[in-house]
Structure formats: structure tokens, C-alpha cells
Amino acid sequence: MKGLALFAVVLTGALLLYATGDFPAWGSVHSPANGGELSSHYIENVRTETKVPNIVTAVLADYRSYDTMFETVVVFVAGIAIIALLRDFGNGSRGYPPALANNLPEEPDLIITQTCNLVIPVLQIFALYVLAHGHYSPGGGFQGGVMLGASYILIALANGVEVAMKAMSERKIMLLAATGILIYSGTGLICLLLGENFLDYHVLSRILPTDPIMARSHAILIVETGVAVTVAAIMFSIYANLATRGTLKGGL
Amino acid sequence: MIPIFDIILLVFLVVTALIALRVRDLLAASMVFGIYSFLICLLWAQMTAVDVAFTEAAVGAGVSTVIMVATVYQTARRSKD
Amino acid sequence: MGEQAPIAIVLAPLFGALLIAFVGIRFKALCLPVTLGALTVSLAATIETFRTVLSEGEFIYLISGWERLGEGKGISIGIEYRVDAISALVLLVIAAVSLLVAVYSRTRVVAETPDRIPYYYMLYLLLVAGLAGMTITNDAFNLFVLLEISSLTSYALIAVGSRRAVLSAFNYVIMGTIGASFYLLGVGYLYIKTGVLNMEDIHAVIVANDLAESPSIQVAFVLILMAVWIKMAFFPLHAWLPNAYSYSPTTTGALMAPLVTKVMIYIMIRMMVTVFGLDYAFRATLGMPFNWSNLVVSLSSIAIVAGSVMALSRRDLKKMLSYIIIAEVGYMVGGAWLANERGMTGAVYHIVNDAFMTLCLFLAVGVFIARTGDPRIAGMNGLFKKMPITMAAFTIGALSMIGLPPTCGFFSKWYLVGGGIEAGQWHFVGALLFSSLVNAVIFFRIFEIAYFPKELSDPAPECTDPDAAPVATLQRTPLSMSLPLWISAIALIGLGIFNHTITQWIGSALGSLKFFPPAG
Amino acid sequence: MEFVEQFIVPKFNYWIYVVLMMIGMHAMIAKNNFFKKLIGMAIFQTAIILFYVSIGVKEGANIPILDHHMMPGEVHANDPVIAAKFTNPLPHVLMLTAIVVSVATLGLALAISQKIYREYGTLEEDDILSQIKLEPND
């Protein structure tokens with residue numbers, strides 16, 4: 001088995017290296033990918049077509065918004081899949097094999113708890129900043145959402161999962177996760193109801209008090225908010241289930 | 001020409017990847033994987049992929065490592081290989 | 001709203017899943033009605049799309065409304081859908097099969113995963129959305145995202161099953177991730193040389209810049225082929241499939257067995273036809289002294305023979321069917337690579353037929369296991385007397401698998417054999433006939449047991465999973481199980497009777513293609 | 001030495017990505033411990049991301065965010081945007097998606113491995129296989 005694995009891996013590697021010789025030089029401005037019409041179009045027209053300075057945000061949430069919607073769905077799928085697999089609706093510890101988590105101290109450490117209490121509000125404010133400032137600086141829905149989720153994970157790490165679950169109960173996680181995707185796909189659906197194709201944001205200018213191009217910019221913020229809501233809820237849910245083998249009690 | 005900083009980072013990447021797969025203590029392996037993620041995040045910032053670096057820092061080095069550690073705590077810490 | 005139908009195919013299951021998240025978790029009884037409603041909307045949208053394709057030919061749907069750039073065909077800057085007769089046909093299969101299995105699941109999901117009903121149906125709907133999205137998209141990277149959705153949902157749907165299912169789900173995760181990553185890498189190799197992501201644009205750039213001999217494109221071709229082969233369980237990359245399908249919950253097996261491998265075969269054909277072009281697919285080699293067509297048809301012959309032989313020695317019903325699926329995958333891969341129109345028609349036609357054949361057999365086996373609680377072939381002792389109607393449907397499915405007229409299995413096999421003869425690939429023809437023979441042996445052995453009951457020598461096995469709640473056997477078959485079974489059995493005969501119409505639809509999509517017989 | 005200068009140094013990124021990918025893939029196939037397999041999987045996926053990001057690099061180019069003054073209504077609104085001055089944003093977009101997909105896969109795979117641990121009490125492949133051999137199956 002080991003020899004076979006090594007053979008398959010070396011064969012794949014050799015195949016990949018064989019093609020490397022054919023690649024354009026690293027950092028070339030004129031390679032098909034970098035100098036091609038597609039990428040140049042994004043860079044040169046993004047300010048007139050969407051008014052978003054961060055080109056990555058514009059391409060992510062407008063030109064390729066459909067990808068991003070399903071990327072959010074991937075996160076959602078992971079969240080519900082982990083609940084479906086691990087969530088223990090009965091008595092979890094029955095017959096569970098010995099694990100490291102069984103002999104953890106009961107009481108949370110004072111220093112860690114206090115430090116986390118200080119850090120968490122700042123972290124959450126920063127997460128919202130990252131989300132809202134995604135048009136102008138690196139960041140956006142995913143990064144903001146992950147940081148927001150991480151702040152809840154931090155609460156759970158410091159005080160135990162039950163404390164964090166008070167702020168973000170299981171029911172709330174599902175509602176928030178679904179709401180996030182609903183915000184995203186609902187925005188697309190509104191475009192569809194207004195008579196244009198799915199996710200064609202410019203038509204939103206009919207209901208938003210802006211011109212069609214600015215409507216794209218606003219719609220990007222709306223869908224990024226949806227992404228952030230889903231990602232934050234699911235990231236916390238993934239941690240809460242994995243850290244407690246699905247019982248949602250105790251934790252690390 | 002690739003900057004020398006890149007080359008150093010890339011070599012370190014391979015080293016951390018190998019260590020993460022060699023150590024038998026899975027908790028240590030998770031932590032080394034966290035280091036690997038931070039190095040690769042640095043590399044992307046250096047390659048001007050700031051958004052990717054940001055996401056990798058938050059997702060790869062942050063959440064991934066945390067859920068890996070959580071799993072180690074709920075399963076066995078020692079590995080045979 | 002007719003022109004918005006393509007997007008509704010994917011959105012209906014997605015919104016259904018969201019609705020379950022909102023209300024289904026509290027009111028578990030609503031999960032199934034929501035699922036059925038969403039899938040019905042999806043089916044209606046598919047039929048509408050299909051009618052549009054039949055009347056107007058293939059068409060493009062621009063998501064986000066970004067028009068193509070430049071003069072002529074230009075390049076796409078957004079993401080598009082592209083529907084032609086073949087993809088519409090595959091979409092129709094996805095919508096119909098998923099709706100039938102959803103009806104079938106009514107008692108099974110409650111019995112097998114009682115505390116996870118809403119999550120199960122959410123994953124179910126999202127798997128359908130992923131498969132439909134993969135079929136309809138015209139963007140190489142978007143296909144990867146939807147591939148991952150369908151993969152993640154199917155890992156989870158398998159792993160909610162018994163003790164062994166979890167282990168096979170893990171193996172599937174490892175294999176599936178290698179496959180999906182290879183696909184992503186292949187798209188990257190295409191992107192570095194072409195600079196575009198739209199499938200038709202990639203093809204246009206490859207032709208315009210004469211990149212056919214470029215090593216990157218060749219490696220991309222190999223990587224994408226390996227990826228789809230892993231995902232469709234093409235022998236010898238099939239290791240994940242048998243355990244995954246046979247240990248998973250009944251509904252999961254009945255949904256995944258007809259759809260997942262078939263959609264991947266469609267993706268392979270799509271890659272050959274739209275991205276690389278047929279002349280590329282049949283001729284290109286990595287400087288080796290053989291061409292792709294001969295190589296892949298030989299591999300398919302091996303796959304067919306190997307799958308059939310492995311099926312012959314199985315005593316577990318679902319496992320035996322799983323190995324038959326592996327052999328059937330060989331049929332379709334081989335047919336697509338025969339490098340002639342007859343073979344390709346046969347392959348596409350067989351995608352449709354095989355989906356309904358596997359559906360019929362898996363549904364019937366699900367009924368048997370629900371009634372007797374015994375997954376082995378020996379457990380079918382005397383079933384003709386006990387449940388004649390179900391057994392009749394099973395017989396139709398089995399006859400179609402063997403390839404007897406008037407069931408549809410005969411007609412698609414006819415095309416495949418004809419294509420094999422036309423291409424002069426005698427070993428492929430031989431493998432097809434051998435596999436039909438083996439299927440005949442397998443199924444007539446089952447009929448014998450079922451017709452002429454004999455005393456059992458070995459008692460039924462103990463329940464292997466001590467933790468699993470014992471699933472009570474049903475006293476009679478509920479309508480929700482027998483109705484989908486019968487519809488699928490009737491569909492097998494219907495697909496056979498209307499074989500001429502269906503091959504004409506396929507031909508209308510293939511007609512514009514040029515088939516290059518492999519040189520040498 | 002000439003080979004190194006001509007083939008490896010200008011494409012060092014691509015070589016390292018292949019090495020990382022091979023390390024990860026070998027771990028996925030050959031490691032005995034399931035958790036190690038998953039670490040290998042994560043390395044495998046980051047290697048592909050490294051490949052994509054390397055495609056988009058342009059020498060002397062800046063991060064793909066336009067200067068605020070270049071936006072409509074601002075001082076330099078009529079200055080042309082030169083594509084060569086900004087890194088190719090498209091691979092970054094694709095890789096944001098890929099990172100999220102990889103963390104979703106990792107989370108799900110970890111959940112499956114926890115469930116395996118619950119069922120079998122170990123994460124070593126050979127131990128599990130020997131347990132299965134003792135059970136009746138087809």
C-alpha cells in the first residue's frame with residue numbers, strides 16, 4: 001500500500017512538474033492569465049461599473065456573485081452536516097471511549113476569562129468594521145463573519161460552551177445561518193422579481209434611492225452582510241459541536 | 001525573479017509541513033499546522049494577495065487550528081505514525 | 001417567467017432547505033411536504049426549460065446580467081448557465097428521480113434517522129441543488145463550487161448511517177477531496193494558459209491560440225479526467241463506492257446510486273465536448289504511442305469485466321448492485337470514448353436509462369429490506385409469494401439491467417454495441433456481452449431463490465450494530481414506497497418504447513459536433 | 001547549476017507547490033492515523049491555493065485595491081487605471097472560495113472522524129480494520 005501510494009504521488013508530481021516548464025514566467029505581466037482581457041477588464045472597469053475600489057470584493061460579490069452565494073451554502077452545508085452527524089440528542093457520555101477532554105479542570109481560569117472578556121468586545125467591533133469596510137480595504141463578509149464567529153468561540157473557550165450558548169443558542173444558530181443565505185439569495189430574487197436576471201443588482205435602483213451603479217455597490221454590502229451572518233453562526237456551531245462531541249455541554 | 005524573502009518562506013513551509021506530519025503528538029501536530037497556516041498567510045501578503053491572506057489568517061490559522069485542537073481533545077492524542 | 005426557469009431549477013431546492021431551517025426544525029412534520037413542494041417546483045421548472053430547449057435549441061442564461069465582452073462571441077465576465085438538449089435531459093432525470101425518492105423516503109427517514117429528520121432533508125435538497133447546478137453551469141470554476149456542495153452533502157448523507165457507513169464516508173471524504181482538488185488544479189492549468197474560466201471561452205482560446213500541444217493543457221486534461229473518474233467510481237478508482245452505498249441509509253442509497261455517478265459521467269462528456277473539443281479528446285496523448293480513445297475504451301472494457309465479476313461473488317444485495325453500477329459506469333465511459341456518434345448517443349441514452357434502472361432496483365431492494373430486515377440475497381427466499389407486486393417491479397428493473405426488450409436497457413445497449421462495432425473495438429463489444437451474461441446469471445439466481453423457496457441453511461445474521469436502534473420490519477408495503485417503485489418500473493418500459501424520440505433529442509444536440517475517428 | 005537557474009529559480013513557487021502537494025497527498029493516502037490524513041488534506045488544499053495565487057502575481061504590481069482618489073467624483077477620477085499596476089484579482093477571488101470550501105471539508109471530516117472514534121474507540125486505520133474483520137459481513 002505504501003509503495004503504491006508513493007508511486008501514485010510521484011507520478012502525479014512528475015506530471016505536474018512536466019507542465020511547469022510550459023508556464024509563463026513567474027510574475028509576468030503579459031501571461032494569458034494576467035494580461036488577458038478578463039482580468040484587465042475587471043481592473044480597468046471596476047470603478048465605472050460598480051464603484052467599489054477593492055477589486056476583489058467587486059468581483060467576488062458582483063461579477064461572480066453566484067459563486068459566492070454557493071460558497072456561503074457550502075459553509076451552511078458543513079454546519080448542518082456536522083449537526084446531523086455529531087449532535088447528540090440523548091445522553092452523550094454513555095459508552096464514549098476515553099478522551100483527553102474527560103480530565104479537564106472544572107473551573108475556568110480567572111486570567112483567561114478576564115482577558116477574553118476584555119478582548120471580545122473589541123474583536124466584535126473590529127469584525128463589524130472588517131465587514132463594513134470591505135469595499136475599501138481587505139476584508140468583507142467572510143473575514144468579518146469568521147471573526148464574529150471566532151469571538152463566540154473565544155467565549156466558549158474561556159467560559160465553557162454553555163455560557164456562549166446563552167448568547168447564541170442552537171435554535172438561533174440555525175435561524176441566523178438560514179437568514180444569511182436568505183439575505184443573499186433574496187437579494188437575487190428581488191432582482192428577478194423586478195424583471196431582470198438573478199443577482200442583477202443594477203435593477204435594485206428602482207427600490208433603493210440611488211443610481212444603477214451605486215445600487216450595485218450597496219447590494220454588495222447587503223449580500224456581504226448575509227455572508228457574514230451565516231459564516232459567523234456556522235463557525236461557532238462547528239466549534240461548539242466538535243468541542244463537546246455534540247452534547248453542547250462542557251467543552252475545552 | 002522571486003524575492004529572497006519568498007524563498008525563505010517557501011522553504012520554511014515545506015519544513016513545517018513535514019514536521020506537522022512527522023510528530024506523533026497530535027496536539028503538537030495541530031499547533032505546527034497553525035504555524036504552517038500563518039507562514040502561508042505571510043507568503044500571500046507578500047505576493048500582494050491581501051484578501052486571501054486575511055481569510056487564511058482568520059480561517060486557516062484561526063478556526064481550522066481551533067477545531068483541530070477540539071477534535072484532538074475529544075479523541076486520542078497519540079498517533080502511531 | 002419562462003425565461004427564468006433555468007435558475008428556478010437550482011433555487012427551488014435551495015429555498016426549500018432554507019424553509020426547513022426556519023420552520024422544519026420546530027415542526028418536524030413539515031419537512032417532507034416542504035421537500036416535496038420544492039422538488040415539484042424544480043421539476044416544473046425543468047420541464048419548462050426542456051420545452052424551451054426543444055423549441056429554440058440551446059440557450060444561455062446570464063446570471064448577474066453581465067453581457068459578454070467584445071465583438072463576435074466575446075468572452076464572459078460573469079457566470080452563465082448553458083442548456084442544451086443533453087443537459088436538459090439530465091436535469092429532467094435529476095428532478096424526476098429526486099422527487100420519486102423523496103416520496104419514497106416518507107417512512108424510511110423516520111425509521112432510520114428519527115432524531116435528525118430536518119437536517120436529513122436539508123442535506124437531501126442541497127444535494128439535489130448541487131447536482132442540478134453542476135449540470136447546468138457553463139463556468140469551469142462554478143462547477144467546482146457546486147461539486148463541493150454535492151460532495152459535502154453526500155458525505156454527510158452517507159455518514160448518518162450505521163457504524164460501517166461512517167468509516168466508508170471517511171474514505172469517501174479522502175477520495176472525494178483528492179478528486180475535487182484535481183479538478184480545481186485542472187481548471188488552474190487551463191486558466192494559466194487561457195486566462196478565462198467560461199467553458200466555451202476556454203475552448204475558443206485553445207483553438208485560437210493553437211494550444212492543443214501545450215503540456216499544461218494536456219496535464220489539465222489528465223487531471224480533470226482523473227477527477228471525474230474518481231467521482232464516478234471508474235474502475236480502478238472505485239474503492240469508495242460499494243461500502244458507501246450499501247451501508248448508508250436506504251434513502252441515501254436510492255438517491256445517490258442513480259444520480260451521483262451519472263451526473264459525473266455527464267460532466268465528463270461536457271468536458272470532452274465543450275471544453276477540450278472532441279478531436280482533442282480522442283486524439284491527444286502525452287507523446288505516448290497510443291491515443292486517448294483506444295486507451296479509455298480498453299480501460300472501460302476492464303472496468304466492465306471487473307465490475308461484473310466482483311458483483312457475481314457478492315451475497316449482499318446492495319453491494320451486488322453497487323458493483324453492477326461500477327460495471328455500468330464502464331459502459332458509459334466506453335461509449336463516450338468510442339469516437340463515433342452512435343457510441344456517444346448510446347452513452348447519453350444510457351445515462352438516462354441507468355439512472356432509472358438503478359433507481360428501480362435500489363427502491364425494490366429497499367422495500368425488501370424494510371419488509372424482511374435481511375440485506376442478503378438469501379433473504380429473498382420465497383419473496384414472489386410474499387410480495388408479488390414489488391417483485392414484479394424488481395423483475396422489470398432486472399430485465400432492463402440484463403438488457404432484454406422492450407425495456408430501455410436493451411436499446412441503449414444496442415447503441416453501445418453498434419458504436420463498438422462501428423469503431424472496431426471488439427473487446428468493448430465482448431465486455432458488454434459478457435456483462436449482460438453475468439447480469440443474467442446474477443438476476444436469474446435471485447429469481448430462482450425468490451420463486452422456489454428452499455430451507456435456509458444459515459440463519460439471518462445478528463444485528464451488527466449494537467448501538468443502532470433496531471428498525472422494525474414493516475408488515476405491509478406503504479403506498480409511499482410502492483408508488484415510486486412502480487413509476488420507475490413503468491418509466492423503464494416507457495423509455496424503451498420512446499427510444500426513437502429520445503435518441504432524436506440527443507442527436508439534435510450532438511448533430512453539430514464533428515466526430516473524428518482516432519488516427520492509427 | 002544551469003538547470004537550477006533556468007528551470008527552478010524562476011518558477012520556484014511552482015516547484016514548491018508541487019512538493020507541498022505531494023507531501024499532502026502522500027499523507028492522505030499512506031498515513032495510518034485518520035487525523036494525520038486530515039492534516040495532509042489541509043496541506044494538499046493549501047498547496048493548490050499557493051498555485052493559484054502564484055498565477056496572479058505581477059512583478060512590481062500593487063495590491064488589487066484602487067486608490068480612493070481614483071474613484072468617480074474624486075480628484076484623479078479621470079486617470080486611466082493601468083491593469084499592469086494591480087495584481088490579477090481573479091485568482092484571489094477563486095481562492096477565497098477555495099479556502100472556505102477547504103475549511104468546510106475539514107470541519108466535516110473532523111466530525112466524521114469523531115464519530116468514528118465514538119464507534120470504534122480509535123483513529124488508527126489498522127486497528128479499525130482488524131475490528132471490522134471480527135464482525136460478520138458479506
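In chain B of this predicted model, residues 24 or more positions apart account for 54% of the contacts with a separation of 6 or more. The chain has 3 helices and 0 strands, and its pattern along the sequence reads α-α-α. Along the principal axes, the C-alpha atoms of chain B fill a box of roughly 45 × 25 × 10 Å. Of the 81 residues in chain B, 58% are buried.

Chain D also consists of helices and has 0 strands; its helices number 5. They follow one another as α-α-α-α-α. Buried residues come to 62% of the 138 residues of chain D. Among contacts in chain D with a separation of 6 or more, 59% join residues 24 or more positions apart.

**Chain C against chain D**

Chain D touches chain C: 28 residues of chain C are in contact with 28 residues of chain D. On the chain C side, the elements that give two or more residues are α5 (140-159) and α6 (163-194). Helix α6(C) gives the most, with 15 residues. Sorted by class, this side of chain C has 18 nonpolar, 4 polar and 6 charged residues.

**The strand pair in chain C**

Strand β1 (residues 59-63) of chain C pairs with β2(C) in the antiparallel sense, over 5 bridges. Which residue of β2(C) is the bridge partner of C:Ile63? The partner is C:Ile79.

**Backbone exceptions**

Most residues other than glycine have a negative phi, and most peptide bonds are trans.

| Site | Feature | Value |
|---|---|---|
| C:Phe235 to C:Pro236 | cis peptide bond | omega near 5° |
| C:Pro405 to C:Pro406 | cis peptide bond | omega near 5° |
| A:Leu248 | positive phi | about 60° |
| C:Ala233 | positive phi | near 60° |

The loop between α8 (215-232) and α9 (241-247) of chain C holds C:Pro236, at the end of the cis bond from C:Phe235. That loop between α8 and α9 of chain C is also the place of C:Ala233, a residue other than glycine whose phi is positive. Is C:Ala233 buried or exposed? C:Ala233 counts as buried because 26 other C-beta atoms lie within 10 Å, where 20 or more are needed.

C:Pro406 lies in another part of chain C, the loop between α16 (388-402) and α17 (408-423).

In chain A, the residue to look at is A:Leu248, which is not a glycine and yet has a positive phi. Where does A:Leu248 lie? A:Leu248 is found in the segment after α10 (212-243) of chain A. With 23 other C-beta atoms within 10 Å, A:Leu248 is buried, by the cut-off of 20 or more.

Key. Residues numbered from 1 in each chain as written. Chains lettered and ligands numbered in written order. Predicted model: local features only at pLDDT ≥ 70, side-chain atom pairs only at ≥ 80, totals over all residues. Contact = placed C-beta atoms within 7 Å. Helix = DSSP H or I, 4+ residues; strand = E, 2+ residues; numbered from the N terminus. Nonpolar A, V, L, I, M, F, W, Y, C, P; charged D, E, K, R; others polar. Buried ≥ 20, exposed ≤ 12 C-beta atoms within 10 Å, placed from the backbone. Pairing = 2+ DSSP bridges.
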